[in-house]
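Here is a brisk report on selected contacts in one model. Headings mark the topics.

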Amino acid sequence: MNHFQYRDGRLFAEDVAIAEIAAAVGTPFYCYSTATLTRHYEAMASALARVQGRICYAVKANSNQAVIRTLANLGAGADVVSEGEARRAIAAGVPASDIVFSGVGKTRAEMRFAINAGIGQFNVESVGELDVLNQVAIELNQTATVVFRVNPDVDAQTHEKISTGRKEDKFGVDIDLAPELFQRATSMTGIDPVGLAVHIGSQLTTLDPFREAFTRVAGMVETLRAAGHIVTRLDLGGGLGIVYDGEVPPEPDDYAAVVAETVGDLGVELTFEPGRVLVGNAGILVTSVIQVKETATKRFVVVDAAMNDFIRPTLYDAVHAAAPVNENPGSDTQTAEIVGPVCETGDILASDVQLPALTENDLLYLKSAGAYGAVMASSYNSRQLIPEIMVNHAEFSIIRPRPSFDALLSLDHMPNWL
Ligand code: LLP
């Protein structure tokens, strides 16, 4: 359930008409709903309460500070994968102690920053990283709290490019090496090893891969304990899928039941890193029609948003439902391709969409664009990054303005020989 609904044929975000925002800020833009963010956070939080899980929102899904703060105000910590994300989370008001630092390649500079900032947990992904983190912590006279991200060799049954838990993927350390890592860390003065982490992929629509991965992790906790190690924390990552186009993803309560069944009796603190499930359906992408172009075989609706603003359809063949902002119930619909102005054939936002007759400036929107939308945008084709808008009841606010062309051009500097 989300708060983007039609009223008398006009699309609203909560109590604000989308057309009103479009008139005020121009198109294209992302629009997020506070009520939907809140609803999704609360659904996850109440499901995970049965296992006393702590939510560290995966900031990579949508790192606008207003989004992070909305979730932090509800109680979320943050999962970050770079110094930039850590800085955003801290600036948005997340206490450093509620931040976990994930990622397969943290630089020394990032480690230094994170240790100095007091980041609560480091998810370490290799022996080499463990050694470097230890050195950096010792230099700073600090101890880094560490969990080891293990690779359980489980296929998440999701898109190839967002599957992270198979042996051939770059992520984590082979789960069977966890005892060696724990042993190694025990003698390190800069490291306090407390547990394991696992994240097998994103947009999972079945529970079986989670069950398999968590069961393997639980088995490894027993192995580590039998070897005399103290294991107090598990980080079970993110990955829960959402509805884009008719998927039936697991309910948060069913996910929590799998957690309880697999790791519930271990007596460990549990951390979760959900991203998409919190923000995905809390955002839409609004765009307007530039041209309708009929060719011998297709009807192309050329809009002012493009693959640089929203790369998911191009990169993952993701299907995002699209519809007009103003319903036109009497009108016949026709099959169309919604495409952007970027000079690439892959610049398709939605294929085989049934749309009514459209003309210049008509507004369309893509659903479920709150996760991995704005964060993955670029200024390819020298297009301006598009604004982000947040709605709260009857109010809206521009939470990232459209940069001016001057700002875009001033990023380049001319060398003195030119
Ligand atoms: N934790 C870790 C270590 C991760 O790598 C990720 C996502 C998450 C948590 C959050 O996963 P979520 O709950 O959002 O599934 N750009 C792609 C998705 C990439 C996901 C990367 N890692 C897309 O648009 O589908």
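## Charges over rings

Lys106 sits over the face of Phe101, at 5.7 Å from the ring centre. Arg7 does likewise over Phe12, at 4.6 Å from the ring centre. The criterion: NZ of Lys or CZ of Arg within 6 Å of the ring centre and within 35 degrees of the ring normal.

This is a predicted model: local features need pLDDT of at least 70, side-chain atom pairs count only at pLDDT 80 or more, and totals for chains, interfaces and linings use all residues. Residues are numbered from 1 along each chain as its sequence is written, and side-chain values use heavy atoms, with hydrogens and water left out.

Three strands make an open, antiparallel sheet in the order E1-E2-E3. Strands are DSSP runs (E, at least two residues), as are helices (H or I, at least four), numbered from the N terminus. Strands pair if DSSP finds at least two bridges between them. Strand E1 (4-7) and strand E3 (16-17) are the edges, each pairing on one side only. E1 and strand E2 (residues 10-13) share four bridges. Tyr6 faces Leu11 in E2.

## Aromatic pairs

Ring centres within 6.5 Å make a pair; planes under 30 degrees apart are stacked, over 60 edge-to-face, the rest tilted (rings of Phe, Tyr and Trp, its six-membered ring). The count is eight aromatic pairs. Tyr30 and Tyr32 are stacked, 6.4 Å centre to centre with 20° between the planes. Tyr30 counts as buried because its relative accessibility is 0%; Tyr32, at 2%, is buried too.

Phe214 and Tyr255 pair edge-to-face, at 6.4 Å and 70°. Phe214 lies in helix H8 (residues 208-226) and Tyr255 in helix H9 (residues 252-263), so the pair ties together parts 41 residues apart in sequence. Both Phe214 and Tyr255 are buried. Phe210, Phe214, Tyr255 and Phe272 form one aromatic cluster.

## Asn62

Asn62 lies in the loop between strand E5 (53-58) and helix H3 (65-73). It counts as buried because its relative accessibility is 3%. Its side chain makes a polar contact of 3.3 Å with that of Tyr32. Such a contact is a pair of N or O atoms within 3.5 Å; within protein, one must be able to donate a hydrogen and the other to accept it, and residues adjacent in sequence count only if both atoms are side-chain atoms.

Technical notes
Buried < 20%, exposed > 50% of the residue type's maximum accessible area, 1.4 Å probe, protein only.
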